Amino acid sequence: MSDASFAARPRSVPRFPELALAVAAIAVFSLWPPVHALDLRLEAYFFDRAASAWLVPPDGRDALFWLFYRGPKVALAVASAASLLWLLRCGLTRRWRSFETRLLLALSVLGVTALLAGLLKGWTGISCPVQETIFAGPYAHVAIPDRLFGIIPFNEHFRCWPAGHAAAGFGLLGLRLLAPGGVSPSWRHLAPGLAGGWALGIYQMARGQHYLSHTVVTMALAFLLSSLAVMILDRLEDRG
């Protein structure tokens, strides 16, 4: 893709509404009590109470596991490694163009989304549906307010907020950086991240690993990071 295809991209577009929307979504789906009622209602569709079994067995290693869990991770790792090698080659041969800058920022969104989701899972100590007594698990539900106000102590076995696996899909929202000439987010470039994130997220919900709100927070986090990356790109391209 040539630099000429990016030349007409409007700059100095306000990104703060995007940032505000993402932060608001994270706050609402983390702290607003009615959200958990919605979580429980939707998660119940994936759980057979009579059999005390999830729609997708959490320990299953069948074709679905490879299609929606292991396979996407391997594919993204290979694609990311190939992209980084390409960027290294361009840097060493001094053939760095606007496209390479955009690709580097897009890869950064993918990597940082996964990194932040993983760190937050380890720090927050929020329970998964499969662990909770309401879904035949051994523990009581632990939400973000419980941890913020110290109501429930940290449990190292709780690593479920936000949705970590879905971060691999939502991280592809960084592909919006490759959109030529778009003032607002292009649905054509947002579609891979949204489709991938929700496919992986719903798979994890069907295994009892996450609630809907966990997945929405990861999506909002990825969108926030992609908006910040676009702001960085705007600054870099304004400088020429």
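Pro-162 lies in the loop between H5 and H6. In this predicted model, a cis peptide bond joins Trp-161 and Pro-162, with omega at about -5 degrees.

The structure has one disulfide by the distance rule applied to cysteine sulfur atoms. A disulfide is a covalent bond between the sulfur atoms of two cysteines. Here the bond joins Cys-128 to Cys-160, with an S to S distance of 1.4 Å. The angle about the S-S bond is -55 degrees, and the link of Cys-128 and Cys-160 is left-handed. Both Cys-128 and Cys-160 are buried. Another cysteine, Cys-90, has a relative accessibility of 3% and therefore counts as buried.

For Ser-52, phi is about 50 degrees. Ser-52 is located in the loop between strand S1 (47–48) and S2, and counts as partly exposed because its relative accessibility is 46%. For Arg-94, phi is about 55 degrees. This arginine, Arg-94, belongs to the loop between helix H3 (63–92) and H4. With a relative accessible area of 79%, Arg-94 is exposed.

Salt bridges were searched for in the whole structure, and two were found. In one of them, the side chains of Glu-18 and Arg-176 meet at 3.0 Å, N to O.

Glu-100, in contrast, counts as buried because its relative accessibility is 0%.

Aromatic rings were examined next. A pair of aromatic rings is described by the distance of the centres and the angle of the planes. The count comes to nine aromatic pairs. One of these pairs is formed by Phe-47 and Trp-54, whose ring centres are 4.8 Å apart; their planes stand at 55 degrees, so the pair is tilted. Phe-47 counts as buried, at 9% relative accessibility. Trp-54 likewise counts as buried, at 9% relative accessibility.

The ring of Trp-54 also pairs with that of Phe-135, with the centres 5.2 Å apart and the planes at 45 degrees, so this pair is tilted. The pair of Trp-54 and Phe-135 links distant parts of the chain, since the two residues are 81 residues apart. Trp-54 is in strand S2 (residues 53–54), and Phe-135 is in the loop between helix H4 (98–124) and helix H5 (144–148). Phe-135 has a relative accessibility of 2% and so counts as buried. Together with Tyr-211, the residues Phe-47, Trp-54 and Phe-135 are linked by ring pairs into a cluster.

Two arginines were found over the faces of aromatic rings. Arg-61 is positioned over the face of Phe-65, at 4.4 Å from the ring centre. Arg-207 is positioned over the face of Tyr-69, at 5.6 Å from the ring centre.

The surroundings of one further residue were examined. Thr-113 lies in helix H4. Its relative accessibility is 0%, and Thr-113 therefore counts as buried. When neighbours within four places in sequence are left aside, Thr-113 is in contact with Ala-167, Gly-171, Leu-221, Ala-222 and Leu-225.

Note on methods:
Residues are numbered from 1 along each chain as its sequence is written. This is a predicted model: local features need pLDDT of at least 70, side-chain atom pairs count only at pLDDT 80 or more; totals for chains, interfaces and linings use all residues. Side-chain values use heavy atoms; hydrogens and water are left out. Rings of Phe, Tyr and Trp (its six-membered ring) pair if their centres lie within 6.5 Å; planes under 30 degrees apart count as stacked, over 60 as edge-to-face and the rest as tilted. Buried means under 20% relative accessible area, exposed over 50%, partly exposed in between (1.4 Å probe, protein chains only). Helices (H or I, at least four residues) and strands (E, at least two) are DSSP runs, numbered from the N terminus. A charge sits over a ring if NZ of Lys or CZ of Arg is within 6 Å of the ring centre and within 35 degrees of the ring normal. Contact means heavy atoms within 4.5 Å. A salt bridge is a side-chain nitrogen of Lys or Arg within 4 Å of a carboxyl oxygen of Asp or Glu. A disulfide is a pair of cysteine sulfur atoms within 2.5 Å.
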